[in-house]
Amino acid sequence: MSDRAARTFDVLVVGGGNAALCAAMTARRAAAKVLLLEASPEAFRGGNSRHTRDIRYLHDRSTDYLTGAYPEDEFWDDLFRVTGGETNERLAGLTIRESADLGEWMARHGIRWQRPLHGTLHLSRTNAFFLGGGKALVNAYYDTARRLGVQLAYDSEVRELDIREGRFLSAVVGREGESREIRAKTVILASGGFEANIPWLKEYWGEAADNFAIRGTPYNQGRVLRQLLDHGARPVGNPREFHAIAVDARGPKFDGGIVTRLDTIPFGIAVNEHARRFYDEGEDLWPKRYAIWGGLIARQPDQIAFSILDSKVMERFMPSVFPAIPAHSVRELALALKLAPTALEATVAEFNRSVRPGPYDPSGLDGCRTEGLEPPKSHWALRLDVPPFYAYPLRPGITFTYLGVTVDERARVVMQDDRPAQNVFAAGEIMAGNVLGRGYLAGFGLTIGSVFGRIAGREAARCAVA
Ligand SMILES: Cc1cc2nc3c(=O)[nH]c(=O)nc-3n(C[C@H](O)[C@H](O)[C@H](O)COP(=O)(O)OP(=O)(O)OC[C@H]3O[C@@H](n4cnc5c(N)ncnc54)[C@H](O)[C@@H]3O)c2cc1C
């Protein structure tokens, strides 16, 4: 360490996304002296939060921005369904209840809401959309935090934490080629998951991880998470699990955000690099199934797949940022995709033969299915027979990892001996596994980060002045 500049703050916030900002603003409002450290340069600040669009929160009536009520029991049922019960019920109940004032709180901190659009992913009743998406959210919060007096430092990656017997003393921060030690009375860790750390992903996925696309920031390396676990924090969430969807294989390695997502699979067939189908493309409604396709493709050879379509369905989905690859015949399409032409022709012919025609209805489970085919296509099975044919290449796109640290109702990190750390708090994706042990509920990542960010900010400020 070249410089051990001793600086003392009441609250040190590590991370620069939604959870960190909610924590920093809340602690500052409670009169604490707050420093926020963001690993990324200013232009890339905001972590995965800058890719978001909407947030889910409890509300008892429609508003200008939400089309109807979303009561507590329905919210709870939705959470229970997606997690299959893998949730800490006390923390889940707390998250739901404490979300009730988020709409108003966020507006007071600079967020502008968007009026519901027709067909906003069928979420306009449960979820509110912010104007300008996640970048505007993050910009508004940084602006408010700065005006409140939060000190902000970019290009500041926390590399080590000094935590002794559950007590935080200081953090070592890398900045402009130097290392500095920063002391604070309390620390809030809001540095996201480890989804951008390919070597860490390789511990579970082997070389396959080299072929994953990471949908969000490259700065979520999980360094702080690893430090916390090494210092005896109790883990939560399955380390092997991640939320992963199908993204366009032509997208960037990191930060593709929402524009590389592909929702084409139910409209045709999906094949691997041997031109073979490997899963039921019409198993259930797409919102219930889109998040299994990242994992399915991750288990295919070379982690590549192709969504194959014909011209009948091309108007039915949101296109990727990249154009579909066109061809006049299945053979020509195979050549364009570097697949064996006879294999793809055989797969398409076998699929077409097995389709049992029925009333096609992409808005519901229509029972248009295959017969005698393995794997089957259970709904929306239409023959691929109207040229031109089209394809999108697919890769697993990792959204976030589930491994995190255990917290209590005061957002204190719980240690292996079951006791909460004295002055170490966590918020956001780094602790989301307490509430969301499995599955995902649209807009709920921000809910967890906002609720626990505010709790952590309040509790850390209280702890610092005690
Ligand atoms: C493409 C995409 C779309 C999404 N859409 C939605 C949506 O619409 N609604 C929703 O609720 N959720 C959505 N999510 C999930 C959502 O992004 C997360 O749940 C949420 O943003 C997590 O917030 P966070 O503050 O915990 O983490 P992040 O926003 O990821 O912030 C982590 C921060 O920590 C910083 N950091 C990391 N390591 C260090 C370190 N060692 N030192 C200092 N700083 C560090 C990073 O630079 C980053 O700023 C989406 C995710 C993706 C990838």
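The turns below go through the ligand, the strands, the aromatic pairs and a proline.

Modeller: This is a predicted model, in which local features need pLDDT of at least 70, side-chain atom pairs count only at pLDDT 80 or more, and totals for chains, interfaces and linings use all residues. Residues are numbered from 1 along each chain as its sequence is written, and side-chain values use heavy atoms, with hydrogens and water left out.

Biologist: Which residues around the ligand come nearest?

Modeller: A residue is near a molecule if one of its heavy atoms lies within 4 Å of it. There are 37 residues around the ligand, and Glu38, Ser49, Asp54, Glu429 and Leu446 come nearest.

Biologist: Which element gives the largest share of the shell around the ligand?

Modeller: Helix H12 does, with three residues. Helices (H or I, at least four residues) and strands (E, at least two) are DSSP runs, numbered from the N terminus. H12 covers residues 444-465.

Biologist: How do you know that S6 and S7 pair?

Modeller: Two strands pair if DSSP finds at least two bridges between them. Seven bridges join S6 to S7 (residues 167-175), so they pair, and they run antiparallel. One of the bridges links Glu160 with Val172 in S7. S6 and S7 form a hairpin with two residues between them, and Glu165 in the turn has a positive phi of about 45 degrees. S7 is also joined to S8 (residues 178-189), by six bridges, again antiparallel.

Biologist: Why is the pair of Tyr142 and Tyr154 called tilted?

Modeller: Rings of Phe, Tyr and Trp (its six-membered ring) pair if their centres lie within 6.5 Å; planes under 30 degrees apart count as stacked, over 60 as edge-to-face and the rest as tilted. The structure holds 18 aromatic pairs. The centres of Tyr142 and Tyr154 are 5.8 Å apart and the planes are at 45 degrees, so this pair is tilted. Trp205 and Phe212 form an edge-to-face pair, 5.6 Å centre to centre with 75 degrees between the planes.

Biologist: What makes Trp205 buried?

Modeller: Buried means under 20% relative accessible area, exposed over 50%, partly exposed in between (1.4 Å probe, protein chains only). Trp205 has 18%, so it counts as buried. Phe212 has 1% relative accessibility and therefore also counts as buried.

Biologist: Why is Pro239 called partly exposed?

Modeller: Its relative accessible area is 29%, so Pro239 falls in the partly exposed class. Pro239 lies in the loop between strand S10 (235-236) and strand S11 (242-248). Pro239 and Trp200 are 39 residues apart in sequence and 9.8 Å apart in space, C-alpha to C-alpha.
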